[in-house]
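This briefing goes through one protein chain by topic. Please keep the sequence and the model open while reading.

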Amino acid sequence: MPTCSDCGHDLFRKDFSQGQLRKQPTERRCKECIESTRGSVEATTHVSDYYNSDEEDRPKLRFAVGDRVECNHNCGTWFHGTVIKLWYFNSDDDEPMPYQVLLDKGNKIYAPDDADDTIRASNVSPPECFVCYDNSMSADNPIVRDCACRGDDAGFVHVDCLTRSVMTKLETIIRSGRDDGNTALFVCCGTCKQPFGGGSPSAIALAETCYEMFRDDEDENPFWHSFSIMNLSTERRADGRLDEACALLEERSAKIYERMEALTSHGNTDRVAKLEDELCDILIDLAGIDFERNISTGVCIVAVLNQAQYLNEKTRAYGCSCYSCRKCNILQRFCSLAWENEDLEKALTYAEKALSAFQGNGEHAEQHAENTLSNCLCYCGHLKVLVGKRDEGIELIRRALSIDTRLYGELYSVTNSRRILLQSILNG
């Protein structure tokens, strides 16, 4: 485990930024120590504090979003571009950078300092928008390229032109009765089909547009209403605006509880089941945000598991067995969250709880349930190996491999991945 050079504690990797982990062991400082020693000006530039601070308290910069600049990139080579974001937060560093810049050649960089030897004003015109053929822009309507389209002018588009184009396409689809829930309209480039990066100007603008279109349309378009909320919360989370993401999810969960009560009284069990699934997804997202904040997820986890138990009992009352593994699946997702944050002990705890919940239910004859058991065994086994319980872990992975081989055969991709994992553990 890495050690902080300030406090001397052995900590998990998640307690250090990627930038600190790349430093020499004697120079590494954990996030808590960095926060405790920041000055009054620097304190507002931590991503979560920055978005919640007053604008007048933020450091003043020379350029605004939409301004044309030249950037010193690759040790003395200057490239023309456009400022697309102020105080850009890169997860590899300890604090936001003054500018994120979209270069005219298509890639994005950030300027670490607001100084002439790093970034300076440019008098070269920006590329044209491929929709309106205009190259003028403003802070509210920059020209961006957040996809894989390449070429002198390919892919450059005003944010407003992009959102209007997508809205027109969707309205046409809905009017024609051919709406199949194609969410790619709001998350992918229509030309190259590459997803826009999470937290990019295109992704945020499209998520906000979708939300404005469907925020009050739950009855007529329940699918798009739900997607618009989840998508916007995802983009705000990717942009570091965790409080705003939480507010959206908490507001939606409160409405779901009210809606479920009304629908249950009218016997609309199909719609209730869909809302129950959405509610579990929301609560899990809230727990994930808590992981990012490095605060206790206990309250949110208890809420999710209580909801899962309620749904298990309810679906059994309906005579439906397809949700009988819900609690197990939710615990596996918490296991994944903890694993992503490199808290292996907590991840193993959730994996063991998932396995216990599954084995204690006693209603698992269907193939999908055996698949869930296989996933539980593999999660738990792999984590046991990582925390030093090698023999126990190998036995669990062998059980998972046996189930997959029986269900799907030797050539199935998951069977093969289990076999490779087991072989790599056995070899060393």
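Two strands count as paired if DSSP finds at least two bridges between them. Strand S1 (residues 68-73) and strand S2 (residues 77-88) meet that condition, pairing in the antiparallel sense over six bridges. The model is predicted. The protein chain holds 15 helices and seven strands.

**Whole chain**
- Of the 428 residues in the protein chain, 45% are buried.
- Contacts between residues at least 6 apart in sequence include a share of 53% that join residues at least 24 apart.

**The five-stranded sheet**
- Five strands form an open sheet in the order S4-S3-S2-S1-S5, and the pairing is antiparallel.
- The edge positions belong to strand S4 (108-111) and strand S5 (119-121); each has a single partner strand, so one side of each lacks a neighbour in the sheet.
- From one strand to the next, the twist averages 45 degrees.
- Glu70 has Arg120 in S5 as its bridge partner.
- Strand S3 (residues 97-103) is connected to S4 through four bridges, again with antiparallel strands.
- Opposite Gln100 stands Tyr110 in S4.
- As a general point, side chains in a regular strand alternate between the two faces of the sheet.

**Helix packing**
- Two packed helices are described by the angle between their axes and the distance between the axes.
- For helix H4 (residues 159-175) and helix H6 (residues 201-214), the packing angle is about 40 degrees and the axes are 10 Å apart.
- The crossing of H4 over H6 is right-handed.
- On the H4 side the contacting residues include Val159, Leu162, Val166 and Ile174, and on the H6 side they include Pro201, Ala205, Leu206 and Phe214.
- The axes of H7 and helix H8 (residues 242-265) come within 7 Å and cross at roughly 160 degrees.
- H7 and H8 are therefore roughly antiparallel to each other, since the angle is over 145.
- H7 passes H8 in a left-handed crossing.
- The residues of H7 that meet H8 include His225, Ile229, Leu232 and Arg236, while those of H8 include Leu242, Leu248, Leu249 and Arg252.

**Arg236**
- Arg236 is part of helix H7 (residues 222-238).
- Is Arg236 buried or exposed? Arg236 is buried, because its relative accessible area of 18% is under the 20% limit.
- Leaving out residues up to four places away in sequence, Arg236 touches Glu208, Arg241, Leu242, Glu244, Ala245 and Leu248.
- Leu242, Glu244, Ala245 and Leu248 are also among the H8 residues that meet H7.

**Cysteines**
- How many disulfides does a search of the whole structure find? The search finds zero.
- Cys129 has its closest cysteine sulfur in Cys132, at 3.8 Å. That is too far for a bond, because a disulfide needs the sulfur atoms within 2.5 Å.
- Cys129 is buried, with a relative accessible area of 1%.
- Cys378 is buried as well, its relative accessible area being 9%.

Definitions and conventions. Residues are numbered from 1 along each chain as its sequence is written. This is a predicted model: local features need pLDDT of at least 70, side-chain atom pairs count only at pLDDT 80 or more; totals for chains, interfaces and linings use all residues. Side-chain values use heavy atoms; hydrogens and water are left out. Helices (H or I, at least four residues) and strands (E, at least two) are DSSP runs, numbered from the N terminus. Buried means under 20% relative accessible area, exposed over 50%, partly exposed in between (1.4 Å probe, protein chains only). Contact means heavy atoms within 4.5 Å. Axes are lines fitted to C-alpha atoms, for helices over the stretch in contact, and angles run from 0 to 180 degrees between N-to-C directions. A crossing is left-handed if the near helix is turned anticlockwise from the far one by less than a right angle, and right-handed if clockwise. Angles under 35 degrees count as roughly parallel, over 145 as roughly antiparallel, 65 to 115 as roughly perpendicular and the rest as oblique.
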